[in-house]
Amino acid sequence: MLCEGCMERDNVSSSATMEFLLLGFSELLHLRVLLFLTFLIAHLVTLAENAMIFVAVLMEPSRPPMLFFLGQLSAVEFCYALVIVPKALLGLAAGGSAISVPGCAAQMHLFVALGGAECFLLATMAYDRYVAVCQPLRYAALMEGLGLRLALACALGAFAVALGLTVAVFRLPFCQPRRIDHFFCDVPAVLRLACARGDAAQLALMAACLLLLLLPFLLILASYLCIAVALSGTASPAGRGKAFSTCVSQLAITLLHYGCAAFVYIRPKSSYSPARDKVVSLVYTNVTPLMYPLIYSLRNKEIRGILRKMLRRKKIGELG
């Protein structure tokens, strides 16, 4: 794939000393202040929500598997927000920001690894709910002790897939000028700068999409389908309505996340649009991390109970 206006190829060996320029939302400079404040507030709220839930889970001595998974999801979301949003805020403040090639590679790897770990965790949490609803008598035997192993498998699997994809992308030579029309080092945006055919990188991207997006998504759909079938035949009308409400809200935010990610990564190269990609990317890098604690954690009765105990301790400490 040739870059527009590219006159020469950069040597791969010298690329480590070069920089990319993240253009961010340079076409919306008249809205820079509004966008900056909006993203900053959403970022701070996301960090506060996830930090609060993670601390609450840590303070609970006896953690059932679902609480453990919620704590892991909050930790992943906290790191995920830190990888993407601060650099995007800097770009908004300055009208664009430079990032070194190693820094860009590191950001891409962490973004893909954390996003993949999140997808695996969501699938694991859906499986946990399936076992709890459909096989309640076997729940303790199946899930006790399995939580840590599943969390480690999610992290290591996502890290390995992300590493392979990042290496495949950054083995390509890049053209001048190195302007990335995005607010972070996203895979399609960086691949647009390659001076050579990126067949290996495209194959790596396809494999990553299958492993990190499609496979977890199918597992989530299968788990919720089994839960819906089980609830329709056994639960009382009131209990069934409450359970369906929880499942629908969780499935809705999952569909939003996977739908946006699939739109960006699973599509023909000819349909690439930087402006559209940036808007869609905003959803799964800012909106869904903000919504996950509200949908998954703050509606969980154990989490609410722990948070109430934390607030009571704080009030007692202030009175004392």
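Q: What makes up the order of elements from the N terminus on?
A: In this predicted model, the elements run β-α-α-β-α-α-α-β-α-α-α-α-α from the N terminus on, with helices (H or I, at least four residues) and strands (E, at least two) taken as DSSP runs and numbered from the N terminus. Residues are numbered from 1 along each chain as its sequence is written, local features need pLDDT of at least 70, side-chain atom pairs count only at pLDDT 80 or more, totals for chains, interfaces and linings use all residues, and side-chain values use heavy atoms, with hydrogens and water left out.

Q: How do you know that Cys 104 and Cys 185 are joined by a disulfide?
A: A disulfide is a pair of cysteine sulfur atoms within 2.5 Å, and the S to S value for Cys 104 and Cys 185 is 2.1 Å, so the pair meets the cut-off.

Q: Why is this disulfide called left-handed?
A: The torsion about the S-S bond of Cys 104 and Cys 185 is about -125 degrees, so the disulfide is left-handed. Cys 104 lies in helix 3 (residues 101–134) and Cys 185 in the loop between strand 3 (179–180) and helix 6 (187–191), so the bond ties together parts that are 81 residues apart in sequence.
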